[in-house]
Amino acid sequence: MAKTVELRRHADADGDVLSGGGVEAALEIGRRLEGEYDLLISSGAQRATQTLACFLAGIGRRQPCGVTVQSGFRSAVEERWFAAAGRAEGKDLEAFRKVDPDLVEKEASLLGGVLRSVLESLPEGDRALVVGHSPTSEAAVLGLTGVVTEPVAKGAGLRVVEEGGGYRVETLS
């Protein structure tokens, strides 16, 4: 049986608060989410927690758990990521590696460890939903699986499925 973690990027925000359009988008995404989640996690940033709340409102049905904050999904060096993004010729991890390889390597290791701990905490068959940020979600997937993914759009995400000792990564719109 599999364990699944969905990593979704927060919706459009003005600073650390969702914009009106971000709220509408997050509600719509919530309406499309299927099934129940056994663990709900926010990075702790207000925009992530607000997005998760809107997802839950959009789902419109009871989830069996409350929301947990796991600040490990929020980089302690956000300004360094912003600086790398400003210098990179793209918004993907490979472009960031070209301008700051140490950042990508260290953050992938740290964030991948956080993602691993979430998967390890899940019983077989359980699902978690994490709302966080880009490019840190992509870095977490890289650190855990070795897979480099495309940049995650606002509200979109990545699904990591652990089954039989291996990982499968899927893109979520």
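I started with the pairing of strand S1 (3-9): six bridges join S1 to strand S7 (residues 157-163), and the two run antiparallel. Strands here are DSSP runs of E, at least two residues, helices are runs of H or I, at least four residues, and both are numbered from the N terminus. Two strands count as paired if DSSP finds at least two bridges between them.

A note on what I'm looking at: this is a predicted model, where local features need pLDDT of at least 70, side-chain atom pairs count only at pLDDT 80 or more, and totals for chains, interfaces and linings use all residues. Residues are numbered from 1 along each chain as its sequence is written, and side-chain values use heavy atoms, with hydrogens and water left out.

Next I checked S1 against strand S6 (residues 127-132), and they pair in the parallel sense over six bridges. I picked Thr4 to follow: Thr4 stands opposite Val161 in S7, and its bridge partner in S6 is Arg127.

Is S1 buried or exposed? I found seven of its seven residues buried, where buried means under 20% relative accessible area, exposed over 50% and partly exposed in between (1.4 Å probe, protein chains only). Lys3, Val5, Leu7 and Arg9 lie on one side, with Thr4, Glu6 and Arg8 on the other.

Then I turned to helix H1, where Gly22, Ala26, Ile29 and Gly30 are buried. S1 is among what covers them, along with strand S3 (17-18) and helix H2 (46-59). On the face turned away from the buried side, I noted exposed Gly20, Glu24 and Arg31.

How values were computed. Contact means heavy atoms within 4.5 Å.
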